[in-house]
Amino acid sequence: MNSLLIYSITATSLFTIGLMGLAAHPNLIRKIISLNIMAGGVFLFLISLAYHPDDPGVDPVPQAMVLTGIVVTISATAFALCLARRITEITGSSRLEDKPEDTDS
Amino acid sequence: MNLAFDLLVGLSLVWVAWRIVGSRDHFQAVVLFITFGLILSLAWTRLQSPDIAIAEAAVGAGLAGVLFMDALGGLSSSPGSPRPAVPLTLLFPCLILASIMAIAVLFVPEDFLGLIPVVHGALTDTSLEYPVTAVLLDFRAYDTWLELGVLLVAVLGVMGIRRIGSISGSRLPAPADPVGRWIIRILLPIMVLIGGYLLWLGAFAPGGAFQGGVVLAAAGVMLWQAGHPSLGLLPRLWWIVLLFCGFLSFLILAFWSLFHSGRMLAHPENKLWILGVEYAATISIATCLISLVLASPGRCRVRDN
Amino acid sequence: MPELLVLIPFTAALLCFILKGVLRSLAALLGASLTFSASALLAADVYQNGAIRISLGGWDAPLGIGLSADGLSVIFLLLTAIVGLMVSIYCVPFFSGLHEQPLARHFWSLWMFLWGSLNSLFLVSDVFNAYVVLELVSISAAALAALSGTAASLRAALRYFLTAMAGSMAFLLGVGFIYAQAGTLDMFLVGSSGGDGPLMAMALGLMTVGLIMKSALFPFHFWLPPAHGEAKAPVSAILSALVMKGSFFLLLRIWFNVFQDSSLTVHAASVLGFLGLFAVIWGSYQAIIQSRLKLIIAYSSIGQMGYLFLLFPLVLTTVDAAWKIEAWTACVFQAVSHGLAKASLFLAAGNLIQASGTDNLRSMRNIAGSLPMTTFTLALAGISLMGLPPSGGFVAKWMLLQSILASGQWWLAAAPILGGLLTAGYIFKILSQAFVPGAEGACCKPVCFVMEKAALVLAIFSILIGFRAEEVIFLLTDRICAANPGGFWP
């Protein structure tokens, strides 16, 4: 049992919990939050790989990857939230349910 | 001791994530998500990644929190669903997935070193001393460039959804009360100072374009939260310049290096180039993030009230 | 040289955002034609001199990021270039219409960004770089899909985006597992370091699931019909012809370059093949029962993408090397001819919507009389989709059937046979409406001839590619970057 193991198992659990939330929640904001939890799990996994308690120090490549990933994720989150808000403004509903929207005229 | 701390952080992360997914109240979920971001930055600090801790605290807990809170206000507050949030049919496949991944993780070799030797070996050939900044701005500059592209495309996408060409005239929250304004007046210069300091630090210590940019963005968003349009006051041209300068500087570097030395994105000997790219990236990251927050609620309709 | 394929569209994207009116269209067209020429030159270079690999920033593989252009990437780059150029030409009159005018700025800059990111996806040689590029593709594609602004299109765009994001996250977790095993991110280094084991198996599973979510293979197809059906016509063309192919290309890359030594691929291949078979039948059947033209074309994408996944069981479990190559070529050929035909169909559907205001099949009556060129386009593209000779689709499906029979996996033969019949069903459903005399005067507003021509050119390309099969096969067999030529390639 070491830190690598604890954090990487935490990370994969977070990923799964996020995935579950994404699939389960009808509400859009909750879906997007769940995606962020998934992202947090992935980042934690990458950093747990980078961490070496003693000699060579911390691997900078996963750190750079996570920094990139954080910025990518916040951009995606903001974009998705804007879409969700626009959907609510138009339809009054903050869900993504399957309504057969045939615009046959 | 460390192991106990690790266990505590790990367990609380999983517990908070579980609560976020399981909670019926959306507001509670958002608050818990901010907590999640803070615990996560604790974990980054523990894992000796101060760069990520700064970025996570500013972005994961700060900006994402603002975005979610703001969106929650914008969405009709639908009542919590009466049924349990996570159906059991989903729980079992997820449990299986989690256990498979946990077993796979056991196989990560103990003496795994990754690219540490390679990066440290190449550090002498680059003008940057701090390995993370060197990876971001030199070794893997292409990733950083494309990531600035992602930010830019997200801004363009938000503006496309809102059908706007610039962020001036974006909807503002109500002006802050005097106490809030007083706090902001003190905090703002400090944050700008911290952002600039982080940027300057990046060449040889934890810090750099990302961290400086996100702290500056947090300052800008705070200003907006207090009812001040901040970037919205800029003329469109200036705003576009700030928005594009990071991506553009990489583009110019790419063209220049391609035609000068035949190797795209190779930094010239002169250290000014890499500094210029870094500063431009910082400004662009901050501007893009602020614009994302400002543009997403749409344009205020002056004639409505 | 390959760098220009990324640089030109990105420059054009910035220009398109800043410039206005005619200047913007000029910048876009200039960017499109320059990118097209650069792709063609690169393709000629690779065809004559072999695969190209460059290191960006002067840092070599384990440290820096590379770009690699081999036969496979060149074929997809050419597809992108042809479809991209035609769509760009089509869009100049399309976005000068009164309703679309305010969208022009956003469309052009997003589209140029998407083009640049697709090009860099086809040149990718680093797994983490692939993640960043995938995100760039997803965001710009979702933003383009949301441009219509209707509730249905916004919902569809968000559904697509959430699926794509979840796919990217799975992909990135897979990148982590690869890094844990191989200690490097370069695709070709990972491939040649001979990794096999639980970590690689996990990575393969995560990345494959992530990518098939993005390419809308059967259980993950739910986002596709609304996203492609509700978007603006040129956007639908881009999404179905290019964006889906991007994730499929990456799937090929990681399966045959990164995981070439993984033992799991053989078992997973049958699963993918089965899902592909199911997608062909289910998607084509759904296409038949739709009543809107764009939805028919969108469901048809699910079916046509299904064919591509037959590649995995055929290449990985066939013993005879010659038939492996046949299957490999057949599926890539199918990807290209489907891309061309589908882009042409969506553009033609756009013409129809412009003429009659709707894409309901009932409103299509008598378009053969009023829009003869568009009807001809629909027919040509339909021929390629159905796989009638001498089209590209015919070559693809013929080679596919041959390799299926040779490999002895008889159950897969249901895909080209049944799928072909069902495809014929929905194509004739579309075409039969076109020749039914309708109410006089119901149609039509005039359609700019440039838009009709652009769709027609793509349809003609989808037929003509059938005559250029030899060059494609040469690119796909002799110009491939494969570290172990003894494994999959003779």
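Predicted model: local features only at pLDDT ≥ 70, side-chain atom pairs only at ≥ 80, totals over all residues.
I started with chain C: among its contacts with a separation of 6 or more, 80% are between residues 24 or more positions apart. By contact I mean two residues whose C-beta atoms, placed from the backbone, lie within 7 Å.

Housekeeping before going on. Residues are numbered from 1 along each chain as its sequence is written, while chains are lettered from A and ligands numbered from 1 in the order in which they are written.

**Chain C**

I looked up the secondary structure next and found 20 helices and 2 strands in chain C. Those are DSSP runs numbered from the N terminus, helices being H or I with at least four residues and strands E with at least two. The radius of gyration of chain C is 21 Å, close to the 23 Å from the globule rule for 490 residues, so chain C is as compact as a globular protein of that length. For the record, that radius is taken over C-alpha atoms, and the rule is 2.2 Å times the number of residues to the power 0.38. The C-alpha trace of chain C spans about 70 × 55 × 40 Å along its principal axes. I also checked burial: 69% of the 490 residues in chain C are buried (20 or more other C-beta atoms within 10 Å of the residue's own, with C-beta atoms placed from the backbone).

**Chain A against chain B**

Here I get 65 residues of chain A in contact with 74 residues of chain B. On the chain A side, α1, α2 and α3 each supply at least two residues, and α3(A) gives the most, with 24. By class I count 39 nonpolar, 22 polar and 4 charged residues on that side. The classes: Ala, Val, Leu, Ile, Met, Phe, Trp, Tyr, Cys and Pro are nonpolar, Asp, Glu, Lys and Arg charged, and the others, Gly among them, polar.

**Chain A against chain C**

This contact takes 31 residues from chain A and 24 residues from chain C. The chain A elements giving two or more residues are α1 (3–24), α2 (28–50) and α3 (60–91). Again α3(A) gives the most, with 15 residues. The chain A side has 22 nonpolar, 5 polar and 4 charged residues.

**Inside chain B**

I find 12 residues of domain 1 in contact with 15 residues of domain 2, and the domain 1 side has 8 nonpolar, 2 polar and 2 charged residues.

Conventions: Buried ≥ 20, exposed ≤ 12 C-beta atoms within 10 Å, placed from the backbone.
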